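User: Here is the file I want to go through. Can you walk me through it?

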Amino acid sequence: MSLPEPSPAEIQAIMRRGVPLAAEWEVEVLAAASGTALVRLPFRPLLLRPGNTVSGPALMGLADVAMWAALLSVSSGRDESVTSSMTVNFLRPAGAGPVLAEARIVKRGKRMVFGEILIRAEGSEELATHVTTSWAVIAPS
């Protein structure tokens with residue numbers, strides 16, 4: 001018998017408790033189910049870099065928590081896996097506004113999980129950042 005998937009609101013609460021920076025940045029989980037997640041980073045001047053665009057560190061942090069939200073969606077909200085690698089390609093500036101990250105699990109094995117995250121400025125179809133990531137699986141205690 002499989003356990004029910006947590007709601008986006010439940011995943012957001014878990015994420016904000018587990019990563020206090022996500023709470024500080026007010027990251028929102030808009031959707032999360034079946035190994036995918038849609039996460040929103042609201043606009044905050046603190047996250048900008050010269051050139052009036054969201055900074056690389058902010059986008060990398062968003063990608064990381066978006067992937068964790070996707071993992072939480074398939075683990076009944078109990079996932080203690082850790083990021084082992086992340087490859088980030090900045091394709092264009094995300095601009096000075098809210099940013100969306102779409103995460104999906106590409107392959108979930110017993111010891112490793114591989115994922116992809118696509119980041120866009122809210123309201124734009126143009127991809128700003130492409131991220132691939134791997135996570136080391138740690139069984140919940």
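Analyst: One term to start with: two strands count as paired if DSSP finds at least two bridges between them. Also, this is a predicted model.

User: Fine. In what order do the strands of the sheet come?

Analyst: The order is S1-S2-S6-S7-S8-S5, an open sheet of six strands with antiparallel pairing. S1 and S5 (82-90) are the edge strands, each pairing on one side only. From one strand to the next, the twist averages 20 degrees.

User: Which of the strands are joined by hairpins?

Analyst: S1 and S2 form a hairpin with two residues between them. Another hairpin joins S6 to S7, through three residues. S7 and S8 form a hairpin too, with five residues between them.

User: Where in those turns is phi positive?

Analyst: Ser34, in the turn between S1 and S2, has a positive phi of about 50 degrees. In the turn between S7 and S8, Gly123 has a positive phi of about 90 degrees.

User: Is S7 mostly buried or exposed?

Analyst: Seven of its 10 residues are buried, so S7 is largely enclosed by the rest of the structure.

User: Switching to helices. Which residues of H1 are buried?

Analyst: In H1 (residues 8-18), Ile11, Gln12, Ile14 and Met15 are buried. They lie on the same side of H1, because they cover an arc of only 165 degrees around the axis. Ala9 and Arg17, on the other side of H1, are exposed.

User: What covers the buried ones?

Analyst: The cover includes H2 (20-24), S1 and H3 (56-73).

User: How many residues are in the largest nonpolar core, and which have the most contacts inside it?

Analyst: It has 36 residues. Val27, Val39, Leu41, Met67, Val99, Ile117 and Ile119 have the most contacts inside it. H1, S1, S2, H3, S6, S7 (112-121) and S8 (127-136) each supply at least two residues of this core. H3 gives the most, with 12 residues.

User: What does Met67 touch?

Analyst: Leaving aside residues up to four places away in sequence, Met67 touches Ala103, Arg104, Ile105, Val113, Gly115, Glu116, Ile117, Thr133 and Trp135.

User: Last one, Ser134. Buried or exposed?

Analyst: Buried: the relative accessible area of Ser134 is 8%, and the cut-off for buried is under 20%. Ser134 is in strand S8.

User: What does its side chain pair with?

Analyst: A polar contact of 2.6 Å joins the side chains of Ser134 and Ser85. Not counting residues up to four places away in sequence, Ser134 touches Val82, Thr83, Ser84, Ser85, Met112, Val113 and Phe114.

Methods. Residues numbered from 1 in each chain as written. Predicted model: local features only at pLDDT ≥ 70, side-chain atom pairs only at ≥ 80, totals over all residues. Heavy atoms only, no water. Helix = DSSP H or I, 4+ residues; strand = E, 2+ residues; numbered from the N terminus. Buried < 20%, exposed > 50% of the residue type's maximum accessible area, 1.4 Å probe, protein only. Arc of directions from axis to C-beta. Contact = heavy atoms within 4.5 Å. Core = buried A, V, L, I, M, F, W, Y, C linked by side-chain atoms within 4.5 Å. Axes fitted to C-alpha atoms, helices over the stretch in contact; angles between N-to-C directions. Polar contact = N/O pair within 3.5 Å; in protein donor to acceptor, adjacent residues only side chain to side chain.
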